[in-house]
Amino acid sequence: MARPRVRLVVTADDFGYCPRRDEGIVEAFLAGAVTSVSLLVNGAAAERAAELARRHRIPTGLHANLSEGRPVGPARHGASSLLGPEGFFLGKMGFREAVAAGEVVLPQVRGELEAQLSRFRELLGRDPTHVDGHQHVHVLPGVCQVFAEALQACGVRFTRLPMERGVGGCAWLEAPARAFACAVEQDARAAMGPFARHGLRSVPPTAYPCPLRPAAVPLMPRHLQVDRCLRGPEHLRPAHVRSPRVRGTG
């Protein structure tokens, strides 16, 4: 009996964060190392990234962001449980703490997610191939239900379940990072029910001896600082990504 074909999907997150990073992602796609991307529609380079995705026909999903940068939805115009006093999202751990404390108003989450979906359609001219969450916010308790409902309403069928079994035993991973990864896996398991009830599918959970992604490599500065995005962090731009095939325009 012939074995079933298995398709490996490698998705590059944070597309649209800054031009330098986007060049590397596109270079990886053109080399066959990446098969799809997830776009940050509130990233400083979102418009240029969308143009690159169209030009190179890159399968593109939405990297829904509720933790860093500024919102694109109604929260821009007034007080919101999603934002700090300076108008930025609450940060990776700040958002989680606010959710755990019951301080996040879930209808505001729905409003921001719908606004990001709408912005994605403006940029790409179509619906996303998938929706996942920046820093895995989409699997948080309560938030996962809002995501499931919104994605079902707009016809999105695929999301991500960030489960890396065995991560708790990775002694080389620093304790805070290990604790975070274990918490994310626990939330992802709890989110399976709401996702399944709303027709969302994901890649089946897989066991790894340790996470495939290197730990303690902070690629996303807090708040997506505009000055860093426009300047482009040189330390994140290895020489081999400076391909003229990628730069093209912009």
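Colleague: How many residues are in the largest nonpolar core, and which have the most contacts inside it?
Modeller: In this predicted model, that core has 52 residues. F15, F95 and F147 have the most contacts inside it.

Colleague: Which element gives the most to this core?
Modeller: Helix α5 does, with seven residues. α5 covers residues 143-153.

Colleague: OK, so how do α1 and α2 pack? What angle, and how far apart are the axes?
Modeller: Helix α1 is residues 19-30 and helix α2 is residues 46-56. They pack at an angle of about 15°, and their axes are 10 Å apart. Angles under 35 degrees count as roughly parallel, so α1 and α2 are roughly parallel to each other.

Colleague: Is the crossing of α1 and α2 left-handed or right-handed?
Modeller: The crossing of α1 and α2 is right-handed.

Colleague: What about α2 and α4, what angle do they pack at?
Modeller: About 55°, with the axes of α2 and α4 9 Å apart. That angle makes α2 and α4 oblique to each other. α2 passes α4 in a right-handed crossing.

Colleague: Which residues make the contact?
Modeller: A46, E47, A50, A53 and R54 of α2 and R119, L123 and L124 of α4. The contact of α2 with α4 divides into five nonpolar, no polar and three charged residues.

Colleague: Which residues of α2 are buried?
Modeller: A46, R48, A49, A50, L52, A53 and H56 are buried in α2.

Colleague: What happens just after α2?
Modeller: R57 takes a positive phi of about 55° there, and R57 is a residue other than glycine. The place of R57 is in the loop between α2 and β3, residues 60-64.

Colleague: Is R57 buried or exposed?
Modeller: R57 counts as exposed, because its relative accessibility is 73% and the cut-off for exposed is over 50%.

Colleague: Where is H136, and what is its phi near?
Modeller: H136 is in the loop between β4 (131-133) and α5 (143-153). Phi of H136 is near 60°, again a positive value in a residue other than glycine.

Colleague: And is H136 buried or exposed?
Modeller: H136 is buried, with a relative accessible area of 10%.

Colleague: Switching topic, which helix is Q116 in?
Modeller: Q116 lies in helix α4, residues 106-124. At 1% relative accessibility, Q116 counts as buried.

Colleague: What is Q116 in contact with, leaving aside neighbours within four places in sequence?
Modeller: Q116 is in contact with V41, L62, H63, A64, N65, V72 and F89. Among these, L62, H63 and A64 fall in β3 (60-64).

Key:
Residues numbered from 1 in each chain as written. Predicted model: local features only at pLDDT ≥ 70, side-chain atom pairs only at ≥ 80, totals over all residues. Heavy atoms only, no water. Axes fitted to C-alpha atoms, helices over the stretch in contact; angles between N-to-C directions. Helix = DSSP H or I, 4+ residues; strand = E, 2+ residues; numbered from the N terminus. Parallel < 35°, antiparallel > 145°, perpendicular 65-115°, else oblique. Left-handed = near helix turned anticlockwise from the far one by under 90°. Buried < 20%, exposed > 50% of the residue type's maximum accessible area, 1.4 Å probe, protein only. Core = buried A, V, L, I, M, F, W, Y, C linked by side-chain atoms within 4.5 Å. Contact = heavy atoms within 4.5 Å. Nonpolar A, V, L, I, M, F, W, Y, C, P; charged D, E, K, R; others polar.
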